[in-house]
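Q: Can you walk me through this one? I'd like to go helix by helix, then look at the charges.

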Amino acid sequence: MLLDLFYTLRQHGVKTSLHEWLALMEACALGLHQSSLTGFYSLARAICVKDLAQFDAFDRAFLEAFKGVEGD
């Protein structure tokens, strides 16, 4: 599911690099996502989005990748 998010971000024009993706995975391994979908959303957006203009594209990609998943 997380890899789907990476590809969906790229499809929506969010230029997430492999380096940023690995940083996100490391942050998750450290528990910085607070074991919640909302925490993961905030963490992923902070790491993967480099330009404010990409916030909307990130939101659309996140919703698409996690469609049907129950939040915290």
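A: Here is a quick tour of the helices, the core and the salt bridges. Keep in mind that this is a predicted model.

Q: Start with α3. How many residues does α3 have, and how far does it reach?
A: Helix α3 runs over residues 37–48, which is 12 residues. From first C-alpha to last, α3 reaches 16 Å. That is close to the 16 Å expected at 1.5 Å a residue.

Q: Which residues of α3 are buried?
A: G39, F40, L43, A44 and C48.

Q: Where do they sit around the axis?
A: On the same side of α3, because they cover an arc of only 135° around the axis.

Q: Why does that spacing work?
A: An α-helix has 3.6 residues a turn, so residues three or four places apart point the same way.

Q: What do the buried residues of α3 pack against?
A: Three helices: α1 (2–11), α2 (18–29) and α4 (55–65).

Q: Zoom in on F40. What does F40 touch?
A: Leaving out residues up to four places away in sequence, F40 touches L2, L5, L24, C28, H33, F62 and F66.

Q: Now α4. Which residues are buried there?
A: In α4 the buried ones are A57, F58, A61, F62 and A65. They share one side of α4, since their arc around the axis is only 130°.

Q: And which exposed residues are on the face turned away?
A: D56 and L63 are the exposed residues carried by that face of α4.

Q: What do the buried residues of α4 pack against?
A: Against α1 and α3.

Q: OK, the core. Which members of the largest nonpolar core touch the most others?
A: That core has 19 residues, and L5, L9, W21, L24, F40 and F58 touch the most other members.

Q: Which elements give two or more residues to it?
A: α1, α2, α3 and α4. The largest share, five residues, comes from α4.

Q: Switching to charges. How many salt bridges are there?
A: The structure holds two.

Q: Take K50. What is its partner, and how far apart are the closest N and O atoms?
A: K50 pairs with E20, with the closest N and O atoms 3.1 Å apart. This pair links distant parts of the chain, 30 residues apart: K50 is in the loop between α3 and α4, and E20 is in helix α2.

Q: Is E20 buried or exposed?
A: E20 counts as buried because its relative accessible area is 12%, and the cut-off for buried is under 20%. K50 is exposed, at 51%.

Q: What else does E20 touch?
A: Besides K50, E20 touches K15, I47 and C48, again not counting residues up to four places away in sequence. C48 is also one of the buried residues of α3.

Q: And the other salt bridge: which side chains meet at 3.6 Å, N to O?
A: Those of D59 and R45. D59 is in helix α4 and R45 in helix α3, 14 residues apart, and the pair links distant parts of the chain.

Q: How open are those two?
A: D59 is partly exposed, with a relative accessible area of 25%. R45 is partly exposed too, at 24%.

How values were computed: Residues are numbered from 1 along each chain as its sequence is written. This is a predicted model: local features need pLDDT of at least 70, side-chain atom pairs count only at pLDDT 80 or more; totals for chains, interfaces and linings use all residues. Side-chain values use heavy atoms; hydrogens and water are left out. Helices (H or I, at least four residues) and strands (E, at least two) are DSSP runs, numbered from the N terminus. The expected span of a helix is 1.5 Å times one less than its number of residues. Buried means under 20% relative accessible area, exposed over 50%, partly exposed in between (1.4 Å probe, protein chains only). The arc is that of the directions from the helix axis to the C-beta atoms. Contact means heavy atoms within 4.5 Å. A nonpolar core is a set of buried Ala, Val, Leu, Ile, Met, Phe, Trp, Tyr and Cys residues joined through side-chain atoms within 4.5 Å. A salt bridge is a side-chain nitrogen of Lys or Arg within 4 Å of a carboxyl oxygen of Asp or Glu.
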